[in-house]
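Dear colleague,

I am handing over the structure we spoke about, and below it you will find my notes on what turned up when I went through it. Please read them with the model open beside you.

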Amino acid sequence: MTIGIMEVNLVDARGLSNSDFLNKIDPYVLIQYKSQEHKSTIAKGQGSKPSWNETFKFRVEFPGSDEQPKLVLKIMDHDTFSSDDYIGQTTIYLKEVLELGVENGSFELRAQKYSIVDSSQSYRGDLRVGVSFTPRVENESYAQEFGGWKESQW
């Protein structure tokens, strides 16, 4: 089994459907890989064309128990006085990215557009995301960075 770091580069979105009738939407993205989750900043007032340019790191074990590892990106609209609205989501399947990363020492899937769909599979806009995977050897600082533990060598 190979352990490494997957970096997700959240660039921007275009054509997001507006769920707020009176105001511009304030979108953010929940990025999920297995049990790990990150949240982008809220693109306050940016409406249907938000820009983030943020990078998030995930600890990856490959091959793992999941036959088809995937990254799920949920686009939400932040609301101050009510619960946040779900806009839609996209899924990026990672098996090839992880395989090529292990085989070549690293692999980068340059930022590209992914269609966002809502729960009824209706198109809600595009999200531009890049993904890279770099295998690495477990060391103490790496384990601490992700809340893991390191077995002693005794």
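**Contacts and core**

Leaving aside neighbours within four places in sequence, Ile-31 is in contact with Val-8, Leu-10, Gln-36, Glu-37, His-38, Phe-56, Phe-58, Leu-71, Val-72 and Leu-73. Please keep in mind throughout that this is a predicted model.

Ile-31 also stands out in the largest nonpolar core, which has 29 residues and in which Met-6, Ile-31, Leu-71, Leu-127 and Val-129 touch the most other members. The elements that give two or more residues to this core are strand 1 (2-14), strand 2 (27-33), strand 4 (51-62), strand 5 (70-77), strand 6 (85-93), helix 1 (95-104), strand 7 (107-117) and strand 8 (123-135). Strand 4 gives the most, with five residues.

**Helix 1 and what covers it**

In helix 1 the buried residues are Val-97, Leu-98 and Gly-101. Viewed down the helix axis, these buried residues fall within an arc of 95°, so they line one face of helix 1. Just after helix 1, Gly-105 takes a positive phi of about 90°.

Phe-133 and Leu-100 are 33 residues apart in sequence, yet their C-alpha atoms are 8.5 Å apart in space.

**Backbone points to check**

Most residues other than glycine have a negative phi, and most peptide bonds are trans.

- The peptide bond from Phe-62 to Pro-63 is cis, with omega near -5°, and Pro-63 has its place in the loop between strand 4 and strand 5.
- Lys-34, in the loop between strand 2 and strand 3 (36-39), has a positive phi near 50° although it is not a glycine; at 45% relative accessibility, Lys-34 counts as partly exposed.
- Asn-53, in strand 4, likewise has a positive phi, near 50°, in a residue other than glycine; at 54% relative accessibility, Asn-53 counts as exposed.

**Salt bridges**

Side chains of opposite charge can pair when their charged atoms come close. The structure holds six salt bridges, and I describe some of them here.

The side chains of Asp-26 and Lys-44 meet in a salt bridge, at 3.6 Å from N to O. This pair links distant parts of the chain, since Asp-26 lies in the loop between strand 1 and strand 2 and Lys-44 in the loop between strand 3 and strand 4, 18 residues apart. Are the two partners buried or exposed? Asp-26 is buried, with a relative accessible area of 11%, whereas Lys-44 is exposed, with a relative accessible area of 58%.

Arg-59 forms a salt bridge with Glu-61, the closest N and O atoms being 2.8 Å apart. Arg-59 is partly exposed, with a relative accessible area of 25%, and Glu-61, at 32% relative accessibility, also counts as partly exposed.

Arg-124, found in strand 8, meets the side chain of Asp-118 in a salt bridge at 3.5 Å from N to O. Both Arg-124 and Asp-118 are buried; for Arg-124 the relative accessible area is 15%, which is under the 20% limit and so counts as buried. Not counting residues up to four places away in sequence, Arg-124 touches Gly-15, Leu-16, Ser-17, Ile-87, Ile-116, Val-117 and Asp-118.

Finally, salt bridges that share partners join Asp-12, Arg-14 and Arg-128 into one network.

With best wishes

Note on methods. Residues are numbered from 1 along each chain as its sequence is written. This is a predicted model: local features need pLDDT of at least 70, side-chain atom pairs count only at pLDDT 80 or more; totals for chains, interfaces and linings use all residues. Side-chain values use heavy atoms; hydrogens and water are left out. A nonpolar core is a set of buried Ala, Val, Leu, Ile, Met, Phe, Trp, Tyr and Cys residues joined through side-chain atoms within 4.5 Å. Buried means under 20% relative accessible area, exposed over 50%, partly exposed in between (1.4 Å probe, protein chains only). Helices (H or I, at least four residues) and strands (E, at least two) are DSSP runs, numbered from the N terminus. Contact means heavy atoms within 4.5 Å. The arc is that of the directions from the helix axis to the C-beta atoms. A salt bridge is a side-chain nitrogen of Lys or Arg within 4 Å of a carboxyl oxygen of Asp or Glu.
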